[in-house]
Amino acid sequence: MKTFVLDTNVLIHDPRAIYNFKDNVVVLPITVIEELDNLKRLHDERGRNARFVTRELDSLRRKGDITKGVELENGGILRIELKTKKETLPEGFLSKADNLIISTALYLKSKGENVIFISKDMNMRVKAESLGLKVEDYEKEKIDFGRFYYGYREILIEDEKIDRFYKQKKIKIEEEFYPNEFVILKGKSNPKKSAIGRYSKKDDLILSLMYDNEKPWGIRARNVEQRFAFEALLDDKILLVTLVGIAGTGKTLLALACGLKKVFDENAFRKLFIARPVIPVGRDIGYLPGTKEEKLSPWMGAIYDNLEFLLEVSGEKERIGKDEKMYDLESAIEYLFSTGKIEIEALTYIRGRSIPEQFIIIDEAQNLTPREVKTIISRAGEGTKVVLTGDPYQIDNPYLDAESNGLTYCVEKFKGEEIFAQVYFTKSERSKLASLAAEIL
């Protein structure tokens, strides 16, 4: 049997991690228990996970002496280790919790156990490996980003079939597709001859786009990826949309434009609900003065910028100004919020809510863990649509990467579902400078 020594951050990332090492020994150093005790008082996701782990350990304690090991339901053994091997740490290693956890793993190795140290912290893995320990990241919720689902693909077909597709608005292609997967059809003889469509699982056909000519709130699609995004965002049968890609590709702007159209123009949803992680993820927004909107404004700058742009290009600023005797952007934005049809919220407070008949936009979702994304999507009530946007290469959470964040994990798990659509953006449309920066920096 292998002995897996878990770092505290593994349990905070996945509070059921102790059950994912079947037929092996899972060891929690006593220092990890101390850190969980300090975290359990927090009112964010970390605190909730710490309390969950504590309750699990208390339940397992009743089975026997947990310092000697108790059997888990998966055939493994859980043990809390009290001893360390501090004397083997080099002089440069300070006496702090992280290093005490490593020293526990070293103690177990010195006893002859086949120890593998598991941590989400890259520096912890580097330090542990430098001391001769086998180390691994926690891989339970990781995906293979090299095979990431883009939500669309390019297919070469005979030129005459493309002509037929334009006339009949549908075509049968003998390939396996995911529901709502988008397709770029290109001619074999003439690559410049092309068409785009979306796979319908119900019809087992590639159908032409239904919303290709839409310009929600004055925004038109500038490239094929944005055309695909409009199709997913404006179709009420698609209840979960993920927009993934580099900065400046228009993910947030398109989501907001479609959300405003659905809420204000079509009344398809009662409210536009907008949220993004408060960085650091899950922390309280604090005791800043002012209203909730004023407290959140430092984190919602990108949302307000996009709303201002949409009010300008759509002509809504002039219409609102004329109707309500308001003639500046700030007053027009205030009016939008005063209607009660737009709500901004910190993700910290979304747990426990039920959100029916709303168009939900979660921006910067790459900073969420898989568990946090599950919490958000499970808040969706009847008639609610959820849109997740983010760039997996701009992650501020130190324990997440492109393969383990909640956004990419969500794409991997939902592909194949009929209520889901995904679009991966590669072309920046913000400006020539922004496009070049995204490419070369």
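A salt bridge here is a side-chain nitrogen of Lys or Arg within 4 Å of a carboxyl oxygen of Asp or Glu. By that rule, the structure holds 37 salt bridges. This is a predicted model, in which local features need pLDDT of at least 70 and side-chain atom pairs count only at pLDDT 80 or more, while totals for chains, interfaces and linings use all residues. Residues are numbered from 1 along each chain as its sequence is written, and side-chain values use heavy atoms, with hydrogens and water left out.

**Helices α4 and α5**

- Helix α4 spans residues 97-110 and helix α5 residues 122-130; helices (H or I, at least four residues) and strands (E, at least two) are DSSP runs, numbered from the N terminus.
- Their axes come within 11 Å and cross at roughly 40°, where axes are lines fitted to C-alpha atoms, for helices over the stretch in contact, and angles run from 0 to 180 degrees between N-to-C directions.
- That makes α4 oblique to α5, since angles under 35 degrees count as roughly parallel, over 145 as roughly antiparallel, 65 to 115 as roughly perpendicular and the rest as oblique.
- On the α4 side, the contact (heavy atoms within 4.5 Å) is made by Asp-98, Asn-99, Ile-101 and Ile-102; α5 brings Met-124, Lys-127 and Ala-128.

**A pair within helix α3**

- Asp-58 and Arg-61 join their side chains in a salt bridge of 2.7 Å, N to O.
- These two are three residues apart in helix α3 (residues 45-61), so about one helical turn separates them.
- Asp-58 is partly exposed at 30% relative accessible area, and Arg-61 is partly exposed at 45%; buried means under 20%, exposed over 50%, and partly exposed in between (1.4 Å probe, protein chains only).

- Lys-120 forms a salt bridge with Asp-137, with the closest N and O atoms 3.4 Å apart.
- Lys-120 sits in the loop between β5 (115-118) and α5, and Asp-137 in the loop between β6 (134-136) and β7 (152-157), so the pair ties together parts 17 residues apart in sequence.
- Lys-120 is buried at 3% relative accessible area, and Asp-137 is buried at 11%.
- A network of salt bridges links Lys-120, Arg-125, Asp-137, Lys-142, Asp-401 and Glu-403.

- The side chains of Arg-353 and Glu-343 meet in a salt bridge of 3.2 Å, N to O.
- Arg-353 is partly exposed at 24% relative accessibility, whereas Glu-343 is buried at 13%.
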